[in-house]
Amino acid sequence: MDHSSMNTTMSDMGACKTSMLWNWYTIDACFLSASWHVTSNAIFAGSCIGTILLVISLEFLRRTAKEYDRYILRQFQRSLYLPAESDSKGCPPTKELLGGVGEIQFRPNILQQFVRATLHMLQFAVAYFIMLLAMTYNGYIIICIIIGAWIGGFAFTWESISLGKPGDKQEEATLCCG
């Protein structure tokens, strides 16, 4: 078997350029593995767009997990109330709280927790890959991560926040960490 032609072909392709220092490599840059070898401007542009979409998908997953938690909590809250019978005047029924007054706790069932854990796992995996991409120290990729975070934040953290009715006494709210 003649290996001389194989060595010539490999050297013509160019070696992966990787660095643990800040860099602006485009052609011959490698991200995460040797199989993600950028050999043209089009592949590099696709890598940048893919990075942006990956970060946007992380923000989508975060929002999805938040909305799912809200959904299962609303389901639980609805199950706490039984509609009372309508009165003789035909007024719509009021709702009465099941049980007595006291602390009410909610714990997701096994299927709900399975969905929650799966969403958490997906967030963790995507965030880890984004971190590994950032650790290539490629300026273009880091800029794409920042752009993806902005687009994802703009699209998926845009929500209305209930402030209550005017005149209601409000406790100070602390918003943190989703």
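Guide: Two rings of Phe, Tyr or Trp count as a pair if their centres lie within 6.5 Å. By that rule this predicted model holds 10 aromatic pairs.

Visitor: Why is the pair of F31 and F44 called tilted?

Guide: Planes under 30 degrees apart count as stacked, over 60 as edge-to-face and the rest as tilted. The centres of the F31 and F44 rings are 6.4 Å apart and their planes stand at 40°, so the pair is tilted.

Visitor: What makes this a link between distant parts of the chain?

Guide: F31 sits in the loop between helix 1 (4–13) and helix 2 (41–80), while F44 belongs to helix 2, 13 residues apart from F31. Both F31 and F44 are buried.

Visitor: How do you know that the rings of Y68 and Y71 pair, and what is the pair called?

Guide: The limit for a pair is 6.5 Å between centres, and the rings of Y68 and Y71 have centres 6.3 Å apart. Their planes are at 35°, so this pair is tilted. Y68 and Y71 are both in helix 2, three residues apart, which is about one turn of the helix.

Visitor: Is Y68 buried or partly exposed, and is Y71 buried or partly exposed?

Guide: Buried means under 20% relative accessible area, exposed over 50%, and partly exposed in between. Y68 has 18% relative accessibility, so Y68 counts as buried. Y71 has 37%, so Y71 counts as partly exposed.

Visitor: Which residues do ring pairs link into a cluster?

Guide: The cluster consists of W22, W24, F31, W36, F44 and Y140.

Visitor: Which residues make the nonpolar surface patch?

Guide: W22, W24, Y140, I143, I147, W150, I151, F154 and W158 make this patch of about 1000 Å².

Visitor: Which residues touch the most other members of the largest nonpolar core?

Guide: Of its 20 residues, these are F31, I130, I141 and I145. Helix 2, helix 3 and helix 4 each give two or more residues to this core, and helix 2 gives the most, with 10 residues. Beyond its neighbours within four places in sequence, I145 is in contact with T51, V55, I130, L133 and A134.

Visitor: Why is T118 called partly exposed?

Guide: T118 has 27% relative accessibility, so T118 counts as partly exposed. T118 is part of helix 3 (residues 110–134).

Conventions: Residues numbered from 1 in each chain as written. Predicted model: local features only at pLDDT ≥ 70, side-chain atom pairs only at ≥ 80, totals over all residues. Heavy atoms only, no water. Patch = residues over 30% accessible without salt bridge, like charges linked within 9 Å, V, L, I, M, F, W, Y side chains within 5 Å. Areas by Shrake-Rupley, 256 points an atom, 1.4 Å probe, with all protein chains shown as cover. Salt bridge = Lys/Arg side-chain N within 4 Å of Asp/Glu carboxyl O. Phe/Tyr/Trp six-rings, centres within 6.5 Å; stacked < 30°, edge-to-face > 60°. Helix = DSSP H or I, 4+ residues; strand = E, 2+ residues; numbered from the N terminus. Buried < 20%, exposed > 50% of the residue type's maximum accessible area, 1.4 Å probe, protein only. Core = buried A, V, L, I, M, F, W, Y, C linked by side-chain atoms within 4.5 Å. Contact = heavy atoms within 4.5 Å.
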